[in-house]
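Please look over the sequence and the structure shown below before reading on.

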Amino acid sequence: MVAQLEKGLTVASRVSDGPSTHAVIRLSQRSAQLMHLNAQGLLRRPSRKARASDIDATIARMALLQIDTIHVVARSPYMVLFSRLGAYRETWLDEALADGRIAECWAHEASFVPAAEYRYHRDYRLSRVNHWALKHAQRAHAEARADMDALLERVRREGPLRASDFERDAPATKGWWGWKPEKRWLEAWFALGELMVLRRDRFQRVYDLASRVTARWPEPPPASSLDEAVVRRHFILASVRALGVTKARWIADYFRLRPRVTLEELSPLVEEGTLIEVAFDGWDEPAYVHRDHEASLDAASRGALRGTLTTLISPFDPVVWDRERARDLFGFDYTIECYVPAPKRRYGYYVLPILHRGRLVGRLDAKAHRQEGVFRVLGIWLEAGQAASPVLVASVAGALRECAAWHGTPRVIVERGEPRGLAALLATALRD
């Protein structure tokens, strides 16, 4: 396949770290954008309505689905799936967890991962010793060992429990989002690996012993532990596959690997043919493509990749969660402003990037008012130099209409927009 790709392409020879040489394929940066979106499942609209099995396949394609509880629009994991699948039943995600087809664990952050991948995250726990969640868990156990041990024993004795099953008259303590002690202790045991999430009831975690949770799965993970080097290699390759194309310095963030991945670490993977080294115009460092994406690389080389999807992106979507990568790859400077003090916000509390035909063309601040049936766009901004063309306006209006209907908030109100006149153009398009 690589030999075929070299035909008609700009190919540069580079001396490798060893005595051998290999050809490096050079493509445009636009190709890198499209290959990334293709790997993430965001290049084209699905050709059919979503099915329950698409939840598993989509999470496997991304390698993980980050969890966040902010509910201004849809909770992030549901929104990430909507961006890729269109309208679907949110209960399908809950069912996949309850059925043991996916699992919750610490990955990039708290995430859903394919159940078949759980053992890698389980066996990588000791290498995440500096992760904030593990540090909090260890500190909690040191400060409240007797209480935490008693809580774990209660779960062992009574079975699955929620935080709400622990009644407490005293007020919640500071830190860890103001959780009551029992919630903090449940989360600490989750971070330490003794407890897992069996299922979610209205998005509330139901905890049980990790051994009992995995025993219920269709294919329980082996009890034996994987070697550290095997786990790291697995995560490096999974990251490159999920990203579609990546620089070495982008890889570690995907699964929070430490230390960072280096060119020297990737060189053997290129030599063995698992990774393909690629050069992109405007990049002063090599990029890498997993061999599973050879067809995508071939299509990019022929200019055959086309982005046709217009949709809204969650702030916690893999496409934008790494600010440096989003800026380098798309020229899109994005900050999740819900964690920024209100006076310092530039756009708004929960701003959704807008993907249009393979480009990040703008962002909007939205809020779903479910009781009133209103999807409120507080503001929408196009990127500098991005024209409000009829095609873009119609496409964004369609994406808004679809997202609002999925939320059960069919009435869309656009309050303001930039450039001037954008809000009025969208309002007209939404009425058509």
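Predicted model: local features only at pLDDT ≥ 70, side-chain atom pairs only at ≥ 80, totals over all residues.

**Cysteines**
- A disulfide is a covalent bond between the sulfur atoms of two cysteines, and the structure holds zero disulfides.
- Cys 338 is likewise in no disulfide, since the nearest cysteine sulfur is that of Cys 403.
- Cys 338 counts as buried at 10% relative accessibility, and Cys 403 is buried with a relative accessible area of 0%.

**The sheet S3-S5-S4**
- Three strands, in the order S3-S5-S4, make up an open sheet with antiparallel pairing.
- Strands S3 (65-66) and S4 (102-106) stand at the edges with a single partner strand each, so one side of each has no neighbour in the sheet.
- Five bridges join S4 to strand S5 (residues 110-114) in the antiparallel sense, and Ile 102 stands opposite Pro 114 in S5.
- Helix H5 (residues 91-98) lies across S3, S4 and S5, and runs at about 85 degrees to S4.

**Helix H11**
- Helix H11 (residues 228-243) has 16 residues and spans 23 Å from its first C-alpha to its last, close to the expected 22 Å.
- At the start of H11, a side-chain oxygen of Asp 227 comes to within 3.0 Å of the backbone nitrogen of Ala 229, while just after the helix Gly 244 takes a positive phi of about 80 degrees.
- The buried residues of H11 include Val 231, Arg 232, Phe 235 and Leu 243.

Terms used:
Residues numbered from 1 in each chain as written. Heavy atoms only, no water. Helix = DSSP H or I, 4+ residues; strand = E, 2+ residues; numbered from the N terminus. Expected span 1.5 Å × (residues − 1). Buried < 20%, exposed > 50% of the residue type's maximum accessible area, 1.4 Å probe, protein only. Polar contact = N/O pair within 3.5 Å; in protein donor to acceptor, adjacent residues only side chain to side chain. Disulfide = S-S within 2.5 Å. Pairing = 2+ DSSP bridges. Contact = heavy atoms within 4.5 Å. Axes fitted to C-alpha atoms, helices over the stretch in contact; angles between N-to-C directions.
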